[in-house]
Amino acid sequence: MKLVSPGEAAANSNDIPAEAGEEFVRIGEMAKKYGVTLRTLRFYEDKGLLNPKRDGSTRLYTRRDKARLKLILLGRKVGFSLRDVKQMMDLYDPTGSNTKQLRLALDKSEKQLARLQKQRTLIEDAIGELSNSMAIVRQMLTERAAPQASVAG
């Protein structure tokens, strides 16, 4: 028997019964709660990342959708593409060991970490160069302001 956290179960279970007292959230509430636009939620739905229930034209988001949106936003925050996020989420099997999913997540994470570390090095170099340039410009301004101060005095 595999123990699954409630968040993991909610993120990946497609068959949470509505009669279990599940709370549905409308698209506006969902957008506000997670700081995204309505357009973003619709886009994620079009890409197969979210699958809200429908009541006519009203989208009703479940706990599963909320958990999946959290994973999407976390993935985007650390620089994963939506394609990468979808690949990792789609590999989840509520009855399996999810070894393939975990290996893929680790592989993609290692590659992304290497990219971020390279970016950080480039940013640190750029900050150093800019700081040096600013120091030179400040020195030049100080030197040019000094003769004017002595002439005025």
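Mentor: One term to begin with: rings of Phe, Tyr and Trp (its six-membered ring) pair if their centres lie within 6.5 Å, and planes under 30 degrees apart count as stacked, over 60 as edge-to-face and the rest as tilted.
Trainee: How many aromatic pairs does a search of the whole structure find?
Mentor: One. Phe43 and Tyr44 form it, with 6.3 Å centre to centre and 55° between the planes, so by the cut-offs it is tilted.
Trainee: Before we go on, what kind of model is this?
Mentor: It is a predicted model, where local features need pLDDT of at least 70, side-chain atom pairs count only at pLDDT 80 or more, and totals for chains, interfaces and linings use all residues. Residues are numbered from 1 along each chain as its sequence is written, and side-chain values use heavy atoms, with hydrogens and water left out.
Trainee: What is the mean pLDDT of the chain?
Mentor: The mean is 87, and 82% of the residues reach 70 or more; pLDDT is the predictor's confidence in each residue, from 0 to 100.
Trainee: Which element has the lowest mean?
Mentor: Helix H1 (residues 6-12), at 47, while H3 has the highest, 97. Helices (H or I, at least four residues) and strands (E, at least two) are DSSP runs, numbered from the N terminus. The pLDDT stays under 50 over residues 1-7 and is below 50 over residues 9-19 as well. Where pLDDT is low, the predicted coordinates should not be read in detail.
Trainee: Back to Tyr44: buried or exposed?
Mentor: Buried, at 7% relative accessibility, whereas Phe43 is partly exposed at 38%. Buried means under 20% relative accessible area, exposed over 50%, partly exposed in between (1.4 Å probe, protein chains only).
Trainee: What is Tyr44 in contact with?
Mentor: Leaving aside neighbours within four places in sequence, its contacts (heavy atoms within 4.5 Å) include Leu50, Leu69, Ile72 and Leu82.
Trainee: And H5, which of its residues are buried?
Mentor: Leu82, Asp84, Val85, Met88 and Met89. Seen down the axis of H5, they fall within an arc of 160°, so they line one face of the helix. The arc is that of the directions from the helix axis to the C-beta atoms.
Trainee: What about the sheet, what is the strand order?
Mentor: E1-E3-E2, in an open sheet with antiparallel pairing. Two strands pair if DSSP finds at least two bridges between them; E2 and E3 (residues 58-61) have three.
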